[in-house]
Amino acid sequence: TGTAWSSPPFGWQNSRSLTPSRLPLRAWPPKPHPVHTSRHRLPACHPLKADKPMRVLITDRAWPDVLIEEDVLKHIGAQVVDAESQPNSSLVELARDVDAIAACWAPVSHEMLDAAPSCRVVSRFGIGLDNIPIDECTRRGIVVSYVPDYCIPEVADHTIALLLGLLRNIVFLDQQIKQGVYDLSAAPSMS
């Protein structure tokens with residue numbers, strides 16, 4: 001019988017390496033990784049120094065501020081570096097000596113990783129990992145994480161709405177109305 005992991009296994013950073021079909025029985029979904037606080041012992045692969053606070057770079061975001069991120073990360077003594085609040089700085093400059101990088105859409109470049117030799121985690125605020133160099137992160141021993149179930153109901157709703165719009169010629173008829181034409185027979189067949 002399978003058991004659930006208490007921490008992410010090696011290879012977790014490769015989105016194709018860890019799927020439900022490749023896991024032992026009862027191992028999916030994996031248990032969440034415990035928050036690193038003074039109560040928890042950090043693994044040897046995470047050489048954090050007590051004399052300097054952990055720094056987390058947030059490259060971009062779809063929300064107005066980073067107050068929630070700061071509130072969550074303050075419990076481990078981490079400092080948030082918000083790239084959007086420093087528009088004249090490049091991401092490479094801001095990535096200098098950070099311990100973690102969190103990105104929404106901004107590409108995480110090899111230069112950013114070079115500027116952050118102590119980086120141990122690159123996290124994506126979303127599903128896709130096309131803006132993160134997974135192979136390079138794996139080579140450097142950097143764990144890559146993402147939110148695999150982000151926005152799934154919204155995407156499903158949008159897909160149904162688009163299908164209904166195609167089925168009922170919504171866009172075509174909308175354009176006709178805007179041009180002052182009201183002729184339902186001009187629309188393509190709805191069958």
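Trainee: How many aromatic pairs does a search of the whole structure find?

Mentor: The search finds one aromatic pair. The general idea is that a pair of aromatic rings is described by the distance of the centres and the angle of the planes. Rings of Phe, Tyr and Trp (its six-membered ring) pair if their centres lie within 6.5 Å; planes under 30 degrees apart count as stacked, over 60 as edge-to-face and the rest as tilted. Here the partners are Trp63 and Phe125, with ring centres 5.2 Å apart and planes at 85 degrees, so the pair is edge-to-face.

Trainee: Which parts of the chain does the pair tie together?

Mentor: Trp63 sits in the loop between strand S1 (55-58) and helix H1 (67-73), while Phe125 sits in the loop between S4 and helix H4 (134-140), so the pair links parts that are 62 residues apart in sequence. Helices (H or I, at least four residues) and strands (E, at least two) are DSSP runs, numbered from the N terminus.

A word on the source: this is a predicted model, in which local features need pLDDT of at least 70 and side-chain atom pairs count only at pLDDT 80 or more, whereas totals for chains, interfaces and linings use all residues. Residues are numbered from 1 along each chain as its sequence is written, and side-chain values use heavy atoms, with hydrogens and water left out.

Trainee: Are Trp63 and Phe125 buried, exposed or partly exposed?

Mentor: Buried means under 20% relative accessible area, exposed over 50%, and partly exposed in between (1.4 Å probe, protein chains only). Trp63, at 28%, counts as partly exposed, and Phe125, at 22%, counts as partly exposed too. Over the chain of 191 residues, 30% count as buried.

Trainee: What is the average pLDDT of the chain?

Mentor: The pLDDT is the predictor's confidence in each residue, from 0 to 100. The chain averages 80, and 73% of the residues score at least 70. Over residues 1-30, though, the pLDDT is below 50, and this stretch has 41 contacts in the model beyond near neighbours in sequence. Residues 33-46 also have a pLDDT below 50, with 15 such contacts. A contact means heavy atoms within 4.5 Å.

Trainee: In what order do the elements of the chain run?

Mentor: There are six helices and five strands. From the N terminus on, they run β-α-β-α-β-α-β-α-β-α-α. As for contacts between residues at least 6 apart in sequence, 43% of them join residues at least 24 apart.

Trainee: Which residues does Thr59 touch?

Mentor: Begin with its place: Thr59 lies in the loop between S1 and H1, and at 5% relative accessibility Thr59 counts as buried. Leaving out residues up to four places away in sequence, Thr59 touches Ala83, Glu84, Leu91, Ile101, Ala102, Ala103, Cys104, Ala106 and Met112.

Trainee: What joins the side chains of Ser123 and Ser145?

Mentor: A polar contact of 2.9 Å joins them. A polar contact is a pair of N or O atoms within 3.5 Å; within protein, one must be able to donate a hydrogen and the other to accept it, and residues adjacent in sequence count only if both atoms are side-chain atoms. Ser123 is in strand S4 (residues 121-124). The side chains of Thr59 and Asp60 are joined in this way as well, at 2.7 Å.

Trainee: Where is Asn169 found?

Mentor: Asn169 is in the loop between helix H5 (152-167) and helix H6 (170-178). Most residues other than glycine have a negative phi. The phi of Asn169, however, is near 60 degrees, a positive value, and Asn169 is buried at 10% relative accessible area. Asp97 has a positive phi as well, near 65 degrees.
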